[in-house]
Amino acid sequence: MVETVEATEAAFVRFGGVPCVLERKLDLALEVSVVLARGEDGEVAAFPVGENVHVRGILDTTTVPARIPGELGREAEALAIQVAERLEYVGVLGVEMFVTHPDRLWVNEIAPRPHNTGHYSLDACVTDQFQQQVRAVCGLPLGSGELLRPAAMANLLGDLWFPREPRWQRPWRSRGCPCISMASGKRGPDGRWAT
């Protein structure tokens, strides 16, 4: 971390004078993301803004709709659409943004593909992000990204499954939980995929 011009210049010298990116330290309130689809004809369909929580730098949960003011949500969607339009992007695009105090958005990352923060769309939206990807790249009309019910997605990495499977009793007991989509990228001791 550098806090003065002198420290910045010294760091530049330590890095061998190669081009560097200087990142600004921000007072983060939270992270949100907008997953959208854009067709070659410029049609755009956005999914609701999701609120993301990371643990040790890895996405842990996404909650939809994000718990942010409506105006900030509309601004986040408009910013994500602007990114897609400026790139002339076709397909599904995830745009992650930091929210700082007071309610200001900073684009943190773009993901040119169906995005893990949009996996909730499989069970909670009229059209999911994978259907939108096919529609966009095949020149078909985009479906609606409308949210049918509030949703939360937990990002379960393969290592969580071993030596013991996660405890599913609590989410399954919820009457408002019609479906839980699960996938893992690791095989168990018996050689089967943990899904």
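D128 sits in the loop between α3 and α4; helices here are DSSP runs of H or I with at least four residues, strands are runs of E with at least two, and both are numbered from the N terminus. This is a predicted model, in which local features need pLDDT of at least 70, side-chain atom pairs count only at pLDDT 80 or more, and totals for chains, interfaces and linings use all residues. Residues are numbered from 1 along each chain as its sequence is written, and side-chain values use heavy atoms, with hydrogens and water left out.

D128 is buried and has no salt bridge. Buried means under 20% relative accessible area, exposed over 50%, and partly exposed in between (1.4 Å probe, protein chains only). A salt bridge is a side-chain nitrogen of Lys or Arg within 4 Å of a carboxyl oxygen of Asp or Glu. For D128, the nearest side chain of opposite charge is R135, 8.4 Å away; Lys and Arg count as positive, Asp and Glu as negative, while His and the chain ends are not counted.

At the start of α4, a side-chain oxygen of D128 comes to within 2.8 Å of the backbone nitrogen of F130. A polar atom of the D128 side chain also lies 2.9 Å from the backbone nitrogen of Q131. Apart from neighbours within four places in sequence, D128 is in contact (heavy atoms within 4.5 Å) with F47, S121 and L122.

Helix α4 covers residues 129-137, and Q129, Q132 and A136 are buried in it. These residues lie on the same side of α4, because they cover an arc of only 50° around the axis, taken from the directions from the helix axis to the C-beta atoms. Among the elements that cover them are β1 (28-38), β2 (44-46), β5 (91-100) and α3 (121-124). After α4 comes G139, with a positive phi near 75°.

**Salt bridges**

The whole structure has two salt bridges.

| Pair | N to O distance |
|---|---|
| R67 and E51 | 2.9 Å |
| E71 and R74 | 3.4 Å |

R67, in the loop between β4 (58-64) and α2 (70-87), and E51, in strand β3 (residues 50-55), are 16 residues apart, and the pair links distant parts of the chain. R67 is exposed at 63% relative accessible area, whereas E51 is buried at 9%. E71 and R74 are both exposed; they are three residues apart in helix α2, about one helical turn.

**Cysteines**

There are zero disulfides (pairs of cysteine sulfur atoms within 2.5 Å). C20 is partly exposed at 44%, and C125 is buried at 7%.

Definitions and conventions: Polar contact = N/O pair within 3.5 Å; in protein donor to acceptor, adjacent residues only side chain to side chain.
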